[in-house]
Amino acid sequence: MNIYQPQLALVTDVVDETPDTRTLRLEFQDEAVRESFAFKAGQFGEYSVFGAGESTFCIASPPTREGYIECSFKAVGKVTTALREVNVGDTVGFRGPYGNSFPVDDWKGKDVVFVAGGIGLAPVRCVIWNVLDRRDEFGDVTIVYGARSVADLVYKRELEDWGSRADVKMVTTVDPGGETKDWTGEVGYVTPVVEATAPQAQNAVAVLCGPPIVVKLTLPVLEKLGFADDTIFTTLENRMKCGLGKCGRCNIGPVYVCKDGPVFTAAQMKALPAEF
Amino acid sequence: MTDATDTGAVAPQRHFISEADLRALAADLLGAGTDVIAPVSVDACQSPSALATAACLRPGVAPVEAEYKAIGDAAELDLGRAQPVLSLKQFFLPEHEALCRWHQRGLEVTVEEVPTSFAPRVVLAAKPCDSAALAVVDEVMNWDYEDELWNGRREASTIFNLACPVIDESCFCTAVGSAPDDVKGADGLLTPVEGGYLAEATTDKGRALIAAHAARFSPVDEPATAALVRQADDERAAARRRVAANLEIDAESVRDWIATHFEDPLLASLAIRCNGCGACSSVCPTCHCFDIVDEEEGVGRGTRRRCWDTCQAPTFTLHASGHNPRDDQHVRYRQRINHKFSIYPLKFGEVLCTGCGRCTRVCHAGQDLVEILGAIDIAARRPGEPVAAGTAGPEPGDAEAAS
């Protein structure tokens, strides 16, 4: 079997997160693969609908939940539109896991601050659950999540779940105008909300993921709060095809995002040409 | 570079093969069922080369160009030493190739593997810049995950280069660590001499080919045939001098300058004539970027393929969100230069270019890599000196306005 050949996976659950964002739960058809498959938080894969092609997403479920993987995607292109059409019982393709991961083990004993915008919560969700499934090993956990509107918030049930936990500080915000009458969260862009939440930076790490503008604007705020460049982690979502460091598409300066990333510290990102 | 063979310090045994015996060797191989890939002459008007179009419209002109082809008959072999329009890359990374096939019946999907081992084949009279490119691309195909499709074709192939007389002023192999008589990526070299060729095998595969067809070759023992050997050596040395006169750069200085001058206006100005057609990537022996697409073949079955792609296309890096990290042509051209002469050498220790000159010859806009590398070399080693005429043009924005 060559490196480009996908494993077959059965769709076992479909959740509509927003009107245009969907989560699929996948279980590998081959029992040996199902048993042996392992990944780390932050890794990604190539998901495919046969006939439509492959698309790159992170694995949105945590490695601490075995037996399945999940992906969340917005139906915007050919493959994601086809993925939007699949139902429970359908078969899709998967290649992976690829890329590096968040160094969760290095964070033991530290506070962890998660900042995500929009569907950027998908890769962060994997790390959040990974940390919460090993809650005792970490200090304070803070989650700041924002979306354009209440309707655009993904993983709504989990947001409630995290918000109701005593051992998580959860702040949810929607852009001005995106709130509903009964909205009880914050109203405002992610960046000022992070500044107002002001998680303390000493002995802490931050995980940041969202649209390029959210990352660009939030980095200086985290720095102002005292987070050093090597304590801020993000995941770059460059366009990819092979995921194996061959096809050249995700190359930025000295890195192939698919192999040297997708997880980078702010320090590593600053050393890259501004091509992401 | 030309000394980099697996024979160590021992000079490879040279053999003589006559023109007739070389054709007979090709015939022997074909007769035994072995594929033979070699340059052949083609009617340029029937080839995909866009360059021939204008010439084809002239009455009474039948332009001829060379292409590598799996030959069916030894008579097709053309050792005129013209450079094939497309490089040898197409036989190792085909323009498109199957990665797997799928069949779907109801909810049941099966995926069929494609073979990763290939029947042995022989490439005769390859251009040294083309075989060297294979060795360069070997690096990215194996730096972690091993690309079995690439490797399978590499292993199945025995390649004999033909020492190159140097094609024209666009050649610059010696500037990027290769040479017109390079055996890098190949298994042996043929050098034209009076009445035939001097053949030397530089790998076990090359030696095995000569051993298996020993009747076609006669060992050359100095000093009896010293004149023959001297003729070959002289021609090779002269070719090296000719190509070196086209361009001399310090590839390491160029590499380091690009790595530290990402935003330098020189890089933008060097891209001024490029309009992003991507022809350079198609003809390039080292460009290996590819796309992966599904091709449906009727209902419920199809083939997943990879096909050549180019970093010069705006869609190459376009995100699903509409965001494009390389949203302007000069930025995409910079990536091409950066990847070839800085990123790849820093990551894999090899320049992603063998100086074949095809990109310059095929460019309808006049982008000239000899000129461009010369300009970067001046910036890197003799800052302050004016770059060659025609390279430093107006600012990139002006190109948009003009086109």
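**Strand pairing and packing**

Analyst: In this predicted model, a bridge links Asp13(A) to its partner Arg25(A) in β2(A).

User: How many bridges join strand β1 of chain A to strand β2 of chain A?

Analyst: Strand β1 of chain A spans residues 7-18 and strand β2 of chain A spans residues 21-28, and the two run antiparallel. The number of bridges that join the two strands is eight.

User: Which are the edge strands of the open sheet of six strands in chain A?

Analyst: The sheet has antiparallel pairing, and its strands in chain A follow the order β4-β3-β6-β1-β2-β5. An edge strand here is one that pairs on one side only, and this holds for β4 (53-58) and β5 (69-74) of chain A. From one strand to the next the twist averages 40°.

User: Why are the buried residues of helix α4 of chain B on the same side of the helix?

Analyst: Helix α4 of chain B covers residues 148-156, and its buried residues are Leu149(B), Trp150(B) and Arg153(B). They lie on the same side of α4(B) because the arc they cover around the axis is only 105°.

User: What covers the buried residues of α4(B)?

Analyst: The buried residues in question are Leu149(B), Trp150(B) and Arg153(B). Their cover includes elements of chain B, namely β4 (96-105), α3 (128-142) and β7 (157-162).

User: What percentage of the 403 residues in chain B do buried residues make up?

Analyst: The secondary structure of chain B comes to 13 helices and 12 strands. Among contacts in chain B with a separation of 6 or more, 72% are between residues 24 or more positions apart. With a residue counted as buried when 20 or more other C-beta atoms lie within 10 Å of its own, the buried share of chain B is 45%.

User: Which element gives the largest share of the side of domain 1 of chain B that touches domain 2 of chain B?

Analyst: The domain assignment of chain B gives domain 1 as 14-95 + 102-244 and domain 2 as 251-402. The contact takes 31 residues from domain 1 of chain B and 26 residues from domain 2 of chain B. On the side of domain 1 of chain B that touches domain 2 of chain B, the elements giving two or more residues are β4 and α3 of chain B. The largest share of that side, eight residues, comes from α3(B).

Key: Residues are numbered from 1 along each chain as its sequence is written. Chains are lettered from A and ligands numbered from 1 in the order in which they are written. This is a predicted model: local features need pLDDT of at least 70, side-chain atom pairs count only at pLDDT 80 or more; totals for chains, interfaces and linings use all residues. A residue is buried if 20 or more other C-beta atoms lie within 10 Å of its own, exposed if 12 or fewer, and partly exposed in between; C-beta atoms are placed from the backbone. Helices (H or I, at least four residues) and strands (E, at least two) are DSSP runs, numbered from the N terminus. The arc is that of the directions from the helix axis to the C-beta atoms. Two residues are in contact if their C-beta atoms, placed from the backbone, lie within 7 Å. Two strands pair if DSSP finds at least two bridges between them. Axes are lines fitted to C-alpha atoms, for helices over the stretch in contact, and angles run from 0 to 180 degrees between N-to-C directions. Domain bounds come from an automatic or database domain assignment.
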